[in-house]
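Visitor: I would like to learn how to read this structure. Please take me through its features in turn.

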Protein chains: 4
Amino acid sequence: MTTQLIVLNGGSSSGKSGIARCLQAILPDPWLTLGVDTLVDALPVSMQSAEGGIEFAADGSVNVGAQFMALEAAWLAGVAAMARAGARIIHDDVFLGGAASQQRVKDALDGLDVLWVGVRCDAAVAAGRELARGDRVRGMAELQAEVVHDGVTYDLEVDTTNAESLACARTIAARIG
Amino acid sequence: MTTQLIVLNGGSSSGKSGIARCLQAILPDPWLTLGVDTLVDALPVSMQSAEGGIEFAADGSVNVGAQFMALEAAWLAGVAAMARAGARIIHDDVFLGGAASQQRVKDALDGLDVLWVGVRCDAAVAAGRELARGDRVRGMAELQAEVVHDGVTYDLEVDTTNAESLACARTIAARIG
Amino acid sequence: MTTQLIVLNGGSSSGKSGIARCLQAILPDPWLTLGVDTLVDALPVSMQSAEGGIEFAADGSVNVGAQFMALEAAWLAGVAAMARAGARIIHDDVFLGGAASQQRVKDALDGLDVLWVGVRCDAAVAAGRELARGDRVRGMAELQAEVVHDGVTYDLEVDTTNAESLACARTIAARIG
Amino acid sequence: MTTQLIVLNGGSSSGKSGIARCLQAILPDPWLTLGVDTLVDALPVSMQSAEGGIEFAADGSVNVGAQFMALEAAWLAGVAAMARAGARIIHDDVFLGGAASQQRVKDALDGLDVLWVGVRCDAAVAAGRELARGDRVRGMAELQAEVVHDGVTYDLEVDTTNAESLACARTIAARIG
């Protein structure tokens with residue numbers, strides 16, 4: 001069986017993007033990396049900080065509104081269609097709603113062969129990396145570190161607290177069909 | 001009838017992205033902007049400058065290989081599915097193959113209500129804007145200015161040579177159903 | 001006499017950066033482009049949105065505090081020293097305080113051969129370009145368009161309302177000693 | 001005695017920028033971060049890949065020409081002047097010439113109170129991080145990992161192979177006068 005999608009779920013600054021780029025570098029086939037950041041970048045600028053859209057509050061909390069949810073559902077339908085049309089996709093996500101978020105993604109990807117990967121990172125370490133990046137609202141990493149895994153089930157989990165992105169990618173790559 | 005997709009086709013530095021952002025700002029509904037740049041960013045880094053992938057040569061020419069074409073086809077299938085699922089999408093593209101490129105996009109978007117927009121810009125002016133941006137390979141603007149419109153048919157055309165992005169966006173918005 | 005510095009002063013989205021890149025491309029010697037954006041990027045992230053530092057308010061106004069002013073004075077002393085050491089420099093600035101801002105820069109650059117250039121752009125056009133860029137707080141362009149030129153004296157002025165960056169750069173380049 | 005400059009020297013992808021941002025976040029005074037990347041961004045685009053300027057070759061090697069060296073000397077004179085004028089500065093550098101590079105910087109910063117910090121990272125680990133970043137030419141990290149420290153003397157050294165940026169920053173901060 002052939003893995004069609006890799007879903008990486010983890011909090012902000014847990015290291016998902018780095019793992020995705022390493023996966024793209026070491027996997028023999030070309031994989032596309034898409035994720036919630038791609039969707040946010042595609043939104044009207046006004047929706048990137050608004051009621052109804054997605055709001056990154058000063059305390060690090062993220063609030064999503066009804067319009068964002070509707071667009072995200074359409075987006076996921078599109079990602080599923082890309083995979084059905086033969087593209088292999090790394091989907092980089094932040095399950096702010098834990099199990100409920102996973103269920104929505106699961107429904108959208110129904111019938112596809114998905115590898116579900118949890119990307120964990122100790123909250124304090126992720127907060128330090130958020131500081132080192134300097135391009136994210138402070139507080140997101142800590143607020144999201146645990147909650148995004150709440151009730152979520154995985155095929156495998158990696159932890160970037162003490163492991164490099166490349167090592168995590170190799171662990172994941174070994175599970176790709 | 002409701003416009004589901006706006007396809008903006010034009011050469012590099014013709015002003016498509018600026019028009020897309022203005023459209024997002026002035027249209028009452030939220031529209032997603034996706035385009036060939038989004039796809040290129042989603043590729044493995046190695047495919048962004050490689051045989052098989054997409055290669056931006058030093059003289060400004062762009063060469064796309066078989067793997068890129070296959071991924072682009074899957075990508076377009078996904079964009080179509082997003083639109084069918086209710087997202088309104090601005091698709092920002094560069095028809096390097098002119099009419100043949102348009103046919104591929106047309107096939108992918110079959111059954112959807114699409115507004116086809118040509119974004120023209122005088123080659124010398126586009127070359128000057130490429131210089132002013134400083135983030136694109138020099139020569140692309142001039143090489144692409146005419147060829148991307150070769151045999152392509154539009155619902156309307158705008159020309160950024162002497163018109164601001166916002167004015168072009170208003171012209172397009174007036175045609176949205 | 002040899003021009004050692006070109007100071008470009010204009011409001012946000014008036015086109016200074018594009019002109020600077022065109023100048024760098026057409027002038028025979030290598031010129032460095034530095035400006036207030038370089039300084040802001042060099043600040044601690046916390047000072048980029050804080051009392052004491054520089055604050056970009058939601059309405060487009062920009063407030064600078066005492067710590068920012070002190071660092072800016074040191075920064076300008078450094079830019080002057082670079083020019084005295086032989087680097088040719090394009091200094092891209094926004095004189096929020098009009099004539100008083102120019103005086104501070106003038107004092108810092110004392111003894112150097114400076115070409116003072118005003119970069120004008122109609123406020124409504126600049127506001128449209130701000131929308132098209134999508135990466136600046138809305139409102140800055142309009143608020144700054146006139147006030148930054150208040151009482152400021154120039155060697156020459158260019159107006160990007162109806163002229164391309166490259167054409168403006170050529171006008172400026174013709175005045176470089 | 002008051003530390004006026006912190007010089008961070010290390011190879012590409014060794015973690016200098018992350019440490020610099022953490023230092024800016026934890027130090028009580030505002031510090032500016034400037035470095036060789038700031039200078040490269042200030043260059044004409046044409047010099048960023050050219051003979052005479054600075055060339056990032058496909059194999060990861062970096063070649064600097066006479067024009068770059070002259071501009072770098074003027075740049076360093078400016079950084080020294082900023083520090084003398086009261087700005088506290090983190091200078092982030094890559095001593096491609098080892099001890100000879102350090103001597104040039106030392107001469108430029110003569111009379112200032114400088115804390116010299118070596119930022120080490122195991123070559124293989126740095127190469128993995130380069131892959132995870134995806135925005136640097138592959139090979140730079142490995143080629144630079146050792147050579148930039150050749151004959152260089154430090155006040156202290158940190159090693160990011162097994163330590164987070166924030167922990168390294170705390171070690172450095174403890175030495176700031």
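This is a predicted model: local features need pLDDT of at least 70, side-chain atom pairs count only at pLDDT 80 or more; totals for chains, interfaces and linings use all residues.

Guide: Residues are numbered from 1 along each chain as its sequence is written, chains are lettered from A and ligands numbered from 1 in the order in which they are written, and side-chain values use heavy atoms, with hydrogens and water left out.

Visitor: What is the order of the strands in the open sheet of chain D?

Guide: Helices (H or I, at least four residues) and strands (E, at least two) are DSSP runs, numbered from the N terminus. Two strands pair if DSSP finds at least two bridges between them. In chain D, 5 strands form an open sheet in the order E2-E5-E1-E6-E7, and the pairing is parallel. Strand E2 (31–35) and strand E7 (156–159) of chain D are the edge strands, each pairing on one side only. From one strand to the next, the twist averages 20°. Strand E6 (residues 114–120) of chain D runs parallel to E7(D), and 4 bridges join them. Val117(D) stands opposite Leu156(D) in E7(D).

Visitor: Which strands does helix H1 of chain D lie across?

Guide: Axes are lines fitted to C-alpha atoms, for helices over the stretch in contact, and angles run from 0 to 180 degrees between N-to-C directions. Contact means heavy atoms within 4.5 Å. Helix H1 (residues 16–26) of chain D lies across strand E1 (5–9), E2, strand E5 (88–93), E6 and E7 of chain D, and runs at about 170° to E5(D). Helix H7 (residues 165–173) of chain D lies across E1, E6 and E7 of chain D, at about 170° to E7(D).

Visitor: What rotation superposes chain D on chain C?

Guide: Two copies of a chain are related by a rotation about an axis and a shift along it. Copies are superposed by least squares on the C-alpha atoms of residues with pLDDT of at least 70 in both. Here a rotation of 180° with 0.0 Å of shift along its axis superposes chain D on chain C (RMSD 0.0 Å). That is the relation of a two-fold axis. Gly78(D) comes closest to the rotation axis of the residues of chain D, at 2.0 Å (C-alpha). The copies meet through the same surface, because 100% of the interface residues of chain D are also interface residues in chain C.

Visitor: Which residues touch the most other members of the largest nonpolar core?

Guide: In soluble globular proteins, nonpolar side chains tend to be buried together. A nonpolar core is a set of buried Ala, Val, Leu, Ile, Met, Phe, Trp, Tyr and Cys residues joined through side-chain atoms within 4.5 Å. Buried means under 20% relative accessible area, exposed over 50%, and partly exposed in between (1.4 Å probe, protein chains only). The largest core has 68 residues, of which Ile89(C) and Ile89(D) touch the most other members. A second, separate core of 66 residues includes Ile54(A), Val62(A), Phe95(A) and Trp116(A).
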